Amino acid sequence: MTSRPNLSSASRPALPAWAQVSPDRVLHIQRVAELVDRWAEEMRVSDSERARWLRAVWLHDALRDAPQADLDRLAPGPDEPAELKHGPASAALAKGEGETDRGVLDAVHYHSVGLVEWDLVGRMLFCADFLEPGRSFERAERTALAGRLPSDPRGVLLEVARRRMLHAIKSGWSVPEPSYRFWNSLVSASSSSSR
Ligand SMILES: [Fe+2]
Ligand SMILES: [Fe+2]
């Protein structure tokens with residue numbers, strides 16, 4: 001395995017100036033960035049693709065600790081909690097500040113729920129957000145999944161989506177429509193590829 005002690009400057013986007021995040025949140029985002037950067041290295045993706053993945057990482061939780069009123073203003077619509085609004089709000093602000101990459105914007109907007117139409121940016125962010133090593137649950141299994149991702153991205157994505165869906169159901173939460181559409185698309189792609 002290639003080790004990259006430091007992110008190259010070209011692949012080191014930072015938090016946007018408008019971010020509202022606690023110190024602990026910054027550490028989470030850094031861990032997600034390091035994981036995504038490691039996967040990009042092991043998967044030998046181009047520098048421009050790696051930069052897309054990292055832009056989405058640094059944007060995804062940039063408003064996670066913003067006041068609800070700010071989130072409601074940036075992401076008007078259904079009355080939803082900050083857990084579901086911070087992605088859409090951050091994507092809206094990033095777009096207003098000049099981000100034009102649809103894959104990056106969709107990754108950020110839907111990172112809490114999933115999206116059928118995602119390209120690799122959204123899929124990598126969805127996995128890394130769940131598998132980053134700072135989370136305290138299922139450490140050994142998540143470490144193994146993170147290690148497996150570069151050689152089996154589709155299999156690991158399916159497993160991450162399964163675990164996130166099960167967690168929502170066990171917690172008695174409603175499952176947002178994009179989440180179950182995403183889950184159904186992953187299952188149908190996996191069953192058709194194994195036929
Ligand atoms: Fe988030
Ligand atoms: Fe996150």
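Arg-44 sits in the loop that joins α1 (23-42) to α2. This is a predicted model. The phi angle of Arg-44 is near 55°, a positive value in a residue other than glycine. Most residues other than glycine have a negative phi. Arg-44 counts as exposed because 10 C-beta neighbours lie inside 10 Å, and the exposed class takes residues with 12 or fewer.

Glu-138 is another case of positive phi. Its phi is near 45°, and Glu-138 is not a glycine. Glu-138 belongs to the loop between α6 and α7 (139-148). Here the C-beta neighbours inside 10 Å number 13, so Glu-138 counts as partly exposed.

| Residue | C-beta neighbours within 10 Å | Class |
|---|---|---|
| Arg-44 | 10 neighbours | exposed |
| Glu-138 | 13 neighbours | partly exposed |

### Overall fold

How many helices and strands does the protein have? The protein has 9 helices and 0 strands. Along the sequence the pattern reads α-α-α-α-α-α-α-α-α. The radius of gyration is 16 Å, close to the 16 Å from the globule rule for 195 residues, so the protein is as compact as a globular protein of that length. Along the principal axes, the C-alpha atoms fill a box of roughly 45 × 40 × 30 Å.

Buried residues account for 37% of the 195 residues. Among contacts with a separation of 6 or more, 61% link residues 24 or more positions apart.

### Helix α5 and its cover

Helix α5 spans residues 102-109. It is mostly covered, with 6 of its 8 residues buried. The buried residues are Val-104, Leu-105, Asp-106, Ala-107, Val-108 and His-109.

Arg-52 lies in helix α2. Setting aside neighbours within four places in sequence, Arg-52 contacts Asp-101, Gly-103, Val-104 and Val-121. Of these, Val-104 is one of the buried residues of α5. Arg-52 and Val-121 are 69 residues apart in sequence, yet their C-alpha atoms are 6.8 Å apart in space.

### The α8–α9 pair

Two packed helices are described by the angle between their axes and the distance between the axes. Helix α8 covers residues 153-170, and helix α9 covers residues 177-193. Their axes come within 10 Å and cross at roughly 140°. That angle makes α8 oblique to α9, because roughly antiparallel begins over 145 degrees. The crossing of α8 past α9 is left-handed.

Which residues make the contact? From α8 come Arg-154, Leu-157, Leu-158, Ala-161 and Met-165. From α9 come Ser-179, Phe-182, Trp-183, Leu-186 and Ser-190. By class, the contact of α8 with α9 has 7 nonpolar, 2 polar and 1 charged residues.

Methods:
Residues numbered from 1 in each chain as written. Chains lettered and ligands numbered in written order. Predicted model: local features only at pLDDT ≥ 70, side-chain atom pairs only at ≥ 80, totals over all residues. Helix = DSSP H or I, 4+ residues; strand = E, 2+ residues; numbered from the N terminus. Rg over C-alpha atoms; globule rule 2.2 N^0.38 Å. Buried ≥ 20, exposed ≤ 12 C-beta atoms within 10 Å, placed from the backbone. Contact = placed C-beta atoms within 7 Å. Axes fitted to C-alpha atoms, helices over the stretch in contact; angles between N-to-C directions. Parallel < 35°, antiparallel > 145°, perpendicular 65-115°, else oblique. Left-handed = near helix turned anticlockwise from the far one by under 90°. Nonpolar A, V, L, I, M, F, W, Y, C, P; charged D, E, K, R; others polar.
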